[in-house]
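Hello,

Here is the structure you asked about. My notes on it follow below the entry.

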Amino acid sequence: MKTIGHHGFTTLLVIFCLVFTGCPVFADDTCVFSVTADDQSPNIILLPDSGTEMEQMVGRTGIDYPPGAIPEQDAVKIPGSDILSGICTFMAPVLPAAKTISGDKIYMAFFKPGKGNFWEGNVTKYGISSDSRIVDANGDPATLPNGAMRDDAAPYWSTIDWADVTKNNYIHSSNRNIYTYLTSLIRFESSNTNLSTTILGNPIRSESDIINYVRGADVLDEDGDSDVKENRSIITGDVLHSEPSIFQYRYADGTSKTMIYFGANDGMLHAVLDVTESSGVPPTVTSHGTEEWAFIPPDQLLRLKEMIEGVGHQSYIDATPRIYFKDIDKDGVVDTGHGDKVVLICGERKGGSGYFALDVTDPSSPQYLWRINQYDDSGLGLAAPTTVIAELGETWSEPQFGVVKTTDEDTIGTPVFFIGGGYSSDNSSGKAVIAVNVLTGAVMKKFTTGMNYSFPSTVLVIDENDNGFVDKVYVGDLGGQMWRFGSFTDSGGNSLAFPNCNENIDSWTGQVFFKTDNNNSRKFFYPPSVTLEKGYDMVFMGTGDRENACCNNRNNACSFTGPDIIAAVKETHSLTTIIGKTDLADITDPTATPPDLPAGQGWYIRLVDDSGNAVGEKVLAEGTVFYKTFYITTFTPNNDPDVPGGDGKLYALSYLSGSAVLDFNNDSNLERMLNIGRGIPSKPVALITRTGTKLLISVLGENPSTASPSLGAGVKNIDPLLPSINLFVRFWREIF
Ligand SMILES: [Ca+2]
Ligand SMILES: [Ca+2]
Ligand SMILES: [Ca+2]
Ligand SMILES: [Ca+2]
């Protein structure tokens, strides 16, 4: 053990970054932990090769960590003694669509790295005050001035309480409604003989041990009281990269039921009953926060055992579920008699190469619809995937819904979801953009021509003329290329004037319209934002390697290929021009000549430090355009490889010039950028209320003070630019 860092904080909380360079489980994530430095300075301790220490850290579940399994160069940096106590978040807060949900509420997803394979997760609900602050169930402030959550904040409900017998939303592990699918939907419980040892991947332990552990039972007797049937202290697995989805079921009798769906690294998609509303005026609103049910997609059954028997933390349903509401009469009411349907679709990110769909029209009774996988994994009693898409990589790309035409005369259309092909570290898979039929899981259209790089990114679906049919799709790849999918000629081959598009998806092709550099060294992991201008789209984007978030360009753990960029590119549907960085105005220097739009092609900013050096600053979330301003967050890892950590920044850029628009520090000068906290910030989310507009960003707090004694995870609240004249900018995120 070696002490390599020493810091002078004595009374405050100090943030560190835990970096598992090279360890495959952690290669993608910078975890940032808050550490209580109550009586001594925390130290950074290297644990390079001690099997005993590794067992303590990794092997809580009782499975010995194989000696030597972590090579020396993968040294794990551990700050202080209370090393794994911090609560983290990567996910943006989720705000319900104001038009459908009564009351101002906010939902957040957290994770807490643990000592074993199983990490704690928590999805929780707070309120929004009339002045757009986050408040708890008692109306008291839930966050500190620096954004960190207050320890004493009382949420409406938390899923961590499912394990706690003293809480209203407690559930015993034996009573949980957990389902999976073999050849029909079945209950995932040890009495079910269909869940054979082969289906469960021939675990070392018994089938019932694996099943009961996954259900939340204290199978390994972690508290040493000889009771293996009680709940473990934590039964919700970490919610690392899954953004909870909200759906309010409004019924014809005036009642409603709101559900929250999220994936977790406990093997399941979870369905939470949030609130029920009676039909009276005013309605009686009852808060629940209970687990209605959970679903384990069949491709995960073989690997659930890794939760106990595997080496290190595992990914399972580490992706965002999305909801498609087929509302026949478009009245916003779920009328099953009309044939209305609510369909949930979810991928797995690093947990696999599949998507699954459930019919959740009845939120109490999910029905299996279909699944897609990269290969046929049937056999052993498991039904074949509905669709095999061999091009799929790890399914990082969130489904984006749209209705497409399949003939020129089509007036009804087909509901599809678009996905990028997925993540692959060596671009061996994921080289596709695919439209899939929502209801059947069949491939509607697959684009692969000319693709040499993977597409882990979620796509941006655009209906430019707002007629309900998708016009085109934008998405970037891992070679720094921004693509457009669509057709800009009519069925007779005549060019269509911008912004007109041929909505028949069978006429579509994919084209690169912007390349960040000739070496294909930049990577797009997140979708662009788009505004419609007179005669062109302005496409806003940022690059950054989500799989090497801690790369600071100063060590050998990652290759230095020049700075990442934020760019805004003029897109005119030209089939002959590929725009390059040299076509754009380099406005990295704030005094540089701004781009001359519409004559010019746009602008870009190199993410470099004040000396012009690339120090690993990168875009790790999607941006948003709001009132003529492009907002996007970045993460800059600490430059000292011995003291991991990093800075989160928010850029606010005038959308056509890239210039500064806000005076963040109130010194009467405008700045482009604000330091908002430590760790990887989420995307900005706009909170629009009657009294004002805020941008909310999940990040770890910074600038400790008496008023903000915590540096924990929370939500930063930013005042965006709000011009006195309402200059309306049209922007898209989704068409549903
Ligand atoms: Ca026990
Ligand atoms: Ca309806
Ligand atoms: Ca359209
Ligand atoms: Ca200023």
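Leaving out residues up to four places away in sequence, Trp293 touches Asn177, Tyr179, Ala271 and Pro366. This is a predicted model, and what follows should be taken as a description of that model. For Ala271, the C-alpha to C-alpha distance to Trp293 is 5.4 Å, at a separation of 22 residues in sequence. Trp293 counts as buried because 21 other C-beta atoms lie within 10 Å, where the cut-off for that label is 20 or more.

Trp293 sits in strand S15, residues 285–296. On one pairing, S15 runs antiparallel to strand S14 (residues 269–277), with eight bridges between them; here Phe295 in S15 is opposite Leu269. S15 also pairs with strand S10 (residues 178–181), in this case in parallel and over three bridges. Ile296 in S15 is the bridge partner of Thr180.

Next, the core. The largest nonpolar core has 167 residues, and the members that touch the most others are Val239, Phe418, Val433, Val459, Val473, Tyr474 and Ile566. Strand S6 (residues 105–112) supplies the largest share of this core, six residues. As a general point, nonpolar side chains in soluble globular proteins tend to be buried together. Val239 has these contacts once neighbours within four places in sequence are set aside: Met91, Ala109, Phe110, Phe111, Gly121, Val123, Phe262 and Ala264.

There is also an open sheet of five strands, in the order S25-S26-S27-S28-S32 and with mixed pairing. Its edge strands, each pairing on one side only, are S25 (460–462) and S32 (579–580). The pairing of S32 with strand S28 (residues 509–515) is parallel and consists of two bridges. Within it, Ile579 in S32 stands opposite Phe514.

Last, confidence. The mean pLDDT of the protein is 84, and 84% of the residues reach 70 or more. Over residues 1–85 the pLDDT stays under 50, although the model has 160 contacts beyond four places in sequence for this stretch. Residues 725–736 are also below 50, with 23 contacts in the model beyond near neighbours in sequence. Where pLDDT is low, the predicted coordinates should not be read in detail, so please treat the contacts in such stretches accordingly.

Regards

Note on methods. Residues are numbered from 1 along each chain as its sequence is written. Chains are lettered from A and ligands numbered from 1 in the order in which they are written. This is a predicted model: local features need pLDDT of at least 70, side-chain atom pairs count only at pLDDT 80 or more; totals for chains, interfaces and linings use all residues. A nonpolar core is a set of buried Ala, Val, Leu, Ile, Met, Phe, Trp, Tyr and Cys residues joined through C-beta atoms within 7 Å. A residue is buried if 20 or more other C-beta atoms lie within 10 Å of its own, exposed if 12 or fewer, and partly exposed in between; C-beta atoms are placed from the backbone. Helices (H or I, at least four residues) and strands (E, at least two) are DSSP runs, numbered from the N terminus. Two residues are in contact if their C-beta atoms, placed from the backbone, lie within 7 Å. pLDDT is the predictor's confidence in each residue, from 0 to 100. Two strands pair if DSSP finds at least two bridges between them.
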